[in-house]
Amino acid sequence: MTTTEHIQFFDDRTPASLERLGGKGASLVTMTAAGMPVPPGFVVTTDQFNLFMESTGIAGKITEHLSGIDPDDVAAVDAISARIREAICSRPVPEEAREATRGAYADLMTRCDGPVPVAVRSSATAEDLPDASFAGQQDTYLWLEGFDAVGEHIRQCWASLYTSRAILYRLKNKIPDEGLSIAVVVQKMVNARTSGVAMTLDPATGDRSKITIDASYGVGEMVVSGTVTPDNIQLDKVTLALVHEHIGDKHAELIPDAGTHSLVEREVDADRRARRCLTDDELAAVAAMAKRAEKHYGCPQDIEWALDADLPDGQNLLLLQSRPETVHSSKPHTAPNPVLGGGFAAALGLTPGTLKQGA
């Protein structure tokens with residue numbers, strides 16, 4: 001299947017457009033074109049969202065709901081958010097658009113040599129930008145099986161554009177809703193043995209001579225959300241020599257359960273908690289991938305990565321996302337000041353529950 005108005009596969013070589021693919025989708029298409037090891041998938045474009053909103057008449061009603069809203073009246077924002085999201089989730093998707101997505105999903109399953117679980121991730125047009133930080137504001141759903149589940153969660157991703165948090169963020173930062181749109185990424189799910197994030201600087205100081213890696217067992221959402229205390233390792237960006245490391249508690253991991261066909265949280269035994277979850281070679285590979293992403297984009301990057309348990313060593317490191325680092329990138333370079341623990345999520349003030357677990 002090739003790119004259509006409603007669908008764009010990561011690897012079809014159509015140029016990445018933020019307007020059509022959103023921040024996350026555009027990044028995945030760009031990284032795939034650059035030869036980075038990105039799991040296969042496609043983007044449900046903003047064209048499909050816009051068609052849905054116009055054909056159902058929701059767009060005009062949303063404008064009415066949000067007109068004159070008081071950002072300090074949280075209860076009113078919550079009520080309006082609930083009405084908007086219910087309206088989006090209860091309306092049928094136009095048949096042309098739904099069939100385009102169904103065909104793309106079937107094509108992806110064929111490419112993966114049979115049915116595989118997928119992740120469904122929001123990709124708003126106002127996210128992953130160098131001068132804004134929208135991370136985690138829209139929904140992500142993991143380990144979904146079958147088109148019915150995927151189609152329903154695409155619509156829930158659309159609705160997450162109007163969560164209370166997202167509405168308030170735009171209001172308080174004077175970001176207009178006019179022209180705002182959202183795409184949705186559908187991507188083969190990684191059976192992550194170990195995963196995490198990496199930044200091509202020190203997140204505490206902005207020191208660009210360092211690479212900071214947070215890693216834990218299982219699927220990486222537990223690291224991103226701050227649910228676990230990951231291993232926190234810092235390397236010299238040039239030599240990849242170890243600067244310091246803090247072995248996190250890593251008390252739990254999110255892993256697939258064959259019985260329920262979903263992700264479940266499992267306790268990590270004491271021996272695994274006590275040791276670093278990455279070997280020296282794996283640590284160097286993650287750092288090299290982060291450097292490659294930074295070189296490609298020309299600015300400090302915040303990447304998400306995973307080691308796939310189903311792939312052989314040397315081929316199992318996958319890049320799930322790369323976005324510009326927004327906290328320090330526009331500031332002058334500062335002297336190094338090692339992070340002694342707590343990891344990337346703690347450095348950014350994230351707490352458990354900041355990332356929705358939808359599956």
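Mentor: Two strands pair here if DSSP finds at least two bridges between them. Helices (H or I, at least four residues) and strands (E, at least two) are DSSP runs, numbered from the N terminus. This is a predicted model, in which local features need pLDDT of at least 70, side-chain atom pairs count only at pLDDT 80 or more, and totals for chains, interfaces and linings use all residues. Residues are numbered from 1 along each chain as its sequence is written, and side-chain values use heavy atoms, with hydrogens and water left out.

Trainee: Which residue stands opposite D214?

Mentor: N232 in β8 stands opposite D214. Strands β7 (residues 210-217) and β8 (residues 231-236) pair in the antiparallel sense, over six bridges.

Trainee: In what order do the six strands of the open sheet come?

Mentor: The order is β9-β8-β7-β6-β12-β13, with antiparallel pairing. At the edges are β9 (242-246) and β13 (317-324), each of which pairs on one side only.

Trainee: Which strands does helix α10 lie across?

Mentor: Helix α10 (residues 280-297) lies across β6 (192-199), β7, β8, β12 (301-308) and β13.

Trainee: Turning to R155, is this residue buried or exposed?

Mentor: R155 counts as buried because its relative accessibility is 14%; buried means under 20% relative accessible area, exposed over 50%, partly exposed in between (1.4 Å probe, protein chains only). The residue is located in helix α6 (residues 147-159).

Trainee: What is R155 in contact with?

Mentor: Leaving aside neighbours within four places in sequence, R155 is in contact with F52, I88, C89, S90, R91, P92 and V93, where contact means heavy atoms within 4.5 Å. A polar atom of the R155 side chain lies 2.4 Å from the backbone oxygen of R91.

Technical notes:
A polar contact is a pair of N or O atoms within 3.5 Å; within protein, one must be able to donate a hydrogen and the other to accept it, and residues adjacent in sequence count only if both atoms are side-chain atoms. Axes are lines fitted to C-alpha atoms, for helices over the stretch in contact, and angles run from 0 to 180 degrees between N-to-C directions.
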